[in-house]
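Thanks for asking me to look this one over. Here are my notes, written to be read with the structure open beside you.

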Amino acid sequence: MTMPRSTPEEARLLILAPVGKDAALAGERFAAAGISCRACRTVAALASEVARGAAAVLVAEEALADGVEPLATVLDRQPMWSDLPVLLLTRPGADSPTVELALRRLGNVILLERPMRVAALVSAATMALRARARQYQSRAQLQSLEETDRRKDEFLATLAHELRNPLAPMVNALGMFDVAALGPDAKRARDIIERQLAHMIRLVDDLLDVSRITRGKLAVH
């Protein structure tokens, strides 16, 4: 079974800088390193692009002056396998309230203090993209396990129905025997068959209940 690969959107590095030319310049540097980029003008636009798919986010501290909530809201909705890396370019010196808020609300934040060499910035982005690629591998494995589990549930449901079909005529046929006309050995054999049939019916009913529970068709209280 082939699992879906990452989409082009999911391989992007999204950039948010306070000045458009800064984002464009950074984009040129990353493009030269083979990294797919997209520049965003606002936090809201960045959040919208993250919802479409991203491998990592590069944000300048100044670009978060108006707040982080649009981005934080999208990141809060990530599935369990996802922990989107956020590269935050900070001013030199002590952490500002903006940085502290980003650390508290944006999750997987990597602080990069400016000024820094372009090579170091590209290296940090590359490491973030590699970490994201491993998350995509985890997602594929989870999807594979979920698909395997779904097929197992379908098999159990089909098996339970197929096992149950021959039991009803067997019970009916057993009831046609005239117990009074049977000898001791035949009566004992009939009693054994009756008990084992009842046991089989209970087992098959349990199997049906399990298949219904795993497929969400039966609630357990």
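Predicted model: local features only at pLDDT ≥ 70, side-chain atom pairs only at ≥ 80, totals over all residues.

1. Let's start with helix 6, which covers residues 184-214 and has 31 residues. From its first C-alpha to its last it reaches 45 Å, close to the 45 Å expected at 1.5 Å a residue.

2. Which residues of helix 6 are buried? They are Arg190, Leu197, Val204, Leu208 and Ser211. An arginine is on that list, so do have a look at Arg190, which counts as buried because its relative accessible area is under 20%. As for their partner, the buried residues of helix 6 pack against helix 5 (118-175).

3. That brings us to the pairing itself. Helix 5 and helix 6 have axes 9 Å apart and pack at an angle of about 155°. The cut-off here is 145 degrees, and an angle over it counts as roughly antiparallel; helix 5 and helix 6 are therefore roughly antiparallel to each other. Their crossing is left-handed. By class, the residues of this contact between helix 5 and helix 6 divide into 16 nonpolar, four polar and six charged.

4. Now for another pair, helix 2 (residues 43-52) and helix 3 (residues 69-76). Their axes come within 8 Å and cross at roughly 15°. Angles under 35 degrees count as roughly parallel, and helix 2 and helix 3 are therefore roughly parallel to each other. The crossing of helix 2 and helix 3 is right-handed. Helix 2 brings Val43, Ala44, Leu46, Ala47, Val50 and Ala51 to the contact, while helix 3 brings Pro70, Leu71, Val74 and Leu75. In this contact there are 10 nonpolar residues, with no polar and no charged ones.

5. Is Arg105 buried, exposed or partly exposed? With a relative accessible area of 24%, Arg105 is partly exposed, because that value falls between the 20% limit for buried and the 50% limit for exposed.

6. What does Arg105 touch, leaving aside residues up to four places away in sequence? The answer is Val68, Glu69, Ala72 and Asp76. Take Glu69 as one of these: Arg105 and Glu69 are 36 residues apart along the chain, yet their C-alpha atoms are separated by 8.0 Å.

7. Finally, a backbone detail. Arg114 and Pro115 are joined by a cis peptide bond, with omega at about -5°. You will find Pro115 in the loop between strand 5 (109-113) and helix 5.

Technical notes: Residues numbered from 1 in each chain as written. Heavy atoms only, no water. Helix = DSSP H or I, 4+ residues; strand = E, 2+ residues; numbered from the N terminus. Expected span 1.5 Å × (residues − 1). Buried < 20%, exposed > 50% of the residue type's maximum accessible area, 1.4 Å probe, protein only. Contact = heavy atoms within 4.5 Å. Axes fitted to C-alpha atoms, helices over the stretch in contact; angles between N-to-C directions. Parallel < 35°, antiparallel > 145°, perpendicular 65-115°, else oblique. Left-handed = near helix turned anticlockwise from the far one by under 90°. Nonpolar A, V, L, I, M, F, W, Y, C, P; charged D, E, K, R; others polar.
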